[in-house]
Amino acid sequence: MLFEELELDPRVLRAVKEMGFEETTPIQAQSIPAVMSGRDVIGQAQTGTGKTASFGIPLLHKVDPGRKKTQAVILCPTRELAIQVSNELHNLAKYLHGVRILPIYGGQDISRQIRSLKGGVQIIVGTPGRVMDHLRRKTIRCDEVDTIVLDEADEMLNMGFREDIETVLGYLPEEHQTVLFSATMPKEILDITKRYQKDAVTIKVVKKELTVQNIEQYYFDIRRKDKLDVLTRLLDVYDPKLSLIFCNTKHMVDELANELQNRGYFAEGLHGDMKQQQRDRVMKNFRSGKTEILVATDVAARGIDVDDVEVVFNYDLPQDDEYYVHRIGRTGRAGKTGKAFSFVKGKEVYKLKEIMRYCKTRIYAQPIPSKQDVEEARCDKIMEQLDQIMEEVDLTKMVNLLEEQINNGDYTAMDLAAAFLYQALGKADQDRGRQEDFSFDDTGAEEGMVRLFINIGKKQHVRPGDILGAVAGESGMPGGLVGAIDMYDSYTFVEVPREYGMAVLQAMKHAKIKGKSVNVEPANAK
């Protein structure tokens, strides 16, 4: 269905066209008319199906810009998703003058949010805890709220927000519309729909439409202890521009990201225990290509919208069949082809068969690449570079030099080419083993010092003395030179003299604190 067939406000239609959309997705075609009608709606759809527009377009039609009161509330599980939804609504509302949309989430100064709310906001997009906080402070009033949207409801429940959601629902007027979107429909979601919705219309994207067609899917049957070696071989053979690796636990994300960094890959981890500023920095680096490999949990990966991901790895097989679809859908976007590799062992093969039945797709067994495969892949890459040079560069001077060497030497042109290839392969290995150059320009430390971030804290039963001992002991720096040590639940900041900054970073790459591998990097000034 075309958006023009939905009888939209011309101003919204103009914004939709500017965003590059002409045809609706299956969930949009069914949801927009249903939400417009004012009925309660249950929509089952995963990330990447365009569900923000499914509820966003009807909300913008219903909102009255003349009333400066809150008329719609959208609850999202994470700060990232709240910002993403808010941005998309702003784009859709580009030509609707007087409609104010505000994202509300934890981690942001609440007094600034209160000032913004006082100006009158018609649509609030927020995380349950912070919205509830404002309701209790009476800085958000729901007297005139017509619609509430629960976006990614299953994730909100997984993150323990059920009580917060029910508290927020309790503030709403008796007559209102409740719209719920969820990728899965566990019993807890059905309980909420029965209790808080009346005569709801259910819209479900059929399972066949959950599969992305232009993704090649393979699996490798390997032992757990061999996973890292196989992963690095695959990275070397396919050499993806950007790749995404999924693990089932935060601990595994930290461990794997650290191991990859130690092996010279530009990898970083992303999970919910990380400070928001660190997560923002990681995502910025991934989008820009500075970080080539992102290791993430399912929840942290919500809201990642990067078109150039070439390969997705299921380092751990997901617990939920639908999560497999969410994960691999991060590649093969914008008409491009992508690859998805899953690591399984023993009984997990049965789980993989369940996923295949659910997705109505084939996941093919693949042999583990040999060391020779890796070397051949590197040779191919060097040959491609040489082809480009021969096409684009005048090599007359180089040919004359080589002819002179061959005429005066005891070897053939083939011998010389082989020696150059050998040298190039060795240089490629060295280049990949070189770590990123860190910047100490703006870490928020006092004059002459640099502030470092360490991803371990009080929850791991670490004390300031443990941090001091590790930093001084590993780097050889006198302990008396270590500055302020600020410990939090899951991370620590430590200051060291600027001249020791790089030495500490290098020394801590292989360090363990309380038996745990750690990641150390320059802190963000904020």
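**A loop residue, a helix, a sheet and the cores**

Biologist: Arg-498 is found in the loop between which elements?

Modeller: This is a predicted model, in which local features need pLDDT of at least 70, side-chain atom pairs count only at pLDDT 80 or more, and totals for chains, interfaces and linings use all residues. Residues are numbered from 1 along each chain as its sequence is written, and side-chain values use heavy atoms, with hydrogens and water left out. Helices (H or I, at least four residues) and strands (E, at least two) are DSSP runs numbered from the N terminus. On that basis, the loop that holds Arg-498 lies between β17 (492–497) and α20 (501–507).

Biologist: Is Arg-498 buried or exposed, or in between?

Modeller: Buried means under 20% relative accessible area, exposed over 50%, and partly exposed in between, with a 1.4 Å probe and protein chains only. The relative accessible area of Arg-498 is 39%, so the residue is partly exposed.

Biologist: Which residues does Arg-498 touch, leaving out those up to four places away in sequence?

Modeller: Contact means heavy atoms within 4.5 Å. Val-450 is 48 residues away along the chain, yet the two C-alpha atoms are separated by 5.2 Å. Not counting residues up to four places away in sequence, Arg-498 touches Phe-440, Asp-441, Gly-448, Met-449 and Val-450.

Biologist: What span does helix α11 reach from its first C-alpha to its last?

Modeller: The expected span of a helix is 1.5 Å times one less than its number of residues. Helix α11 (residues 250–262) has 13 residues, and the expected value is 18 Å. The helix comes close to this, reaching 18 Å.

Biologist: What do the buried residues of α11 pack against?

Modeller: The buried residues of α11 are Met-252, Val-253, Leu-256, Ala-257, Asn-258, Leu-260 and Gln-261. Just after the helix, Gly-264 takes a positive phi of about 95°. The buried set packs against α10 (227–238), β9, β10, β11 and β19 (516–517).

Biologist: Asn-258 is a polar residue in that list; which residues does Asn-258 touch beyond four places in sequence?

Modeller: Asn-258 lies in helix α11 and is buried, with a relative accessible area of 5%. Setting aside residues up to four places away in sequence, Asn-258 touches Lys-509, Ser-517, Val-518 and Asn-519.

Biologist: Which residue in β13 stands opposite Asn-314?

Modeller: Strands β12 (residues 309–314) and β13 (residues 338–344) pair in the parallel sense over four bridges. Five of the six residues of β12 are buried, so the strand is largely enclosed by the rest of the structure. Val-311 stands opposite Lys-339 in β13, and the residue opposite Asn-314 is Ser-342.

Biologist: How many aromatic pairs does the structure hold?

Modeller: Rings of Phe, Tyr and Trp (its six-membered ring) pair if their centres lie within 6.5 Å; planes under 30 degrees apart count as stacked, over 60 as edge-to-face and the rest as tilted. The structure's count of such pairs is 13.

Biologist: How far apart in sequence are the parts that the pair of Tyr-238 and Phe-341 ties together?

Modeller: The ring centres of Tyr-238 and Phe-341 are 5.2 Å apart and the planes stand at 45°, so the pair is tilted. Tyr-238 is partly exposed at 30% relative accessible area, whereas Phe-341 is buried at 0%. Tyr-238 lies in helix α10 and Phe-341 in strand β13, so the sequence distance between the parts they tie together is 103 residues.

Biologist: Which residues touch the most other members of the largest nonpolar core?

Modeller: A nonpolar core is a set of buried Ala, Val, Leu, Ile, Met, Phe, Trp, Tyr and Cys residues joined through side-chain atoms within 4.5 Å. The largest has 37 residues, and those touching the most other members are Ile-57, Ile-74, Ile-123 and Val-125.

Definitions and conventions. Two strands pair if DSSP finds at least two bridges between them.
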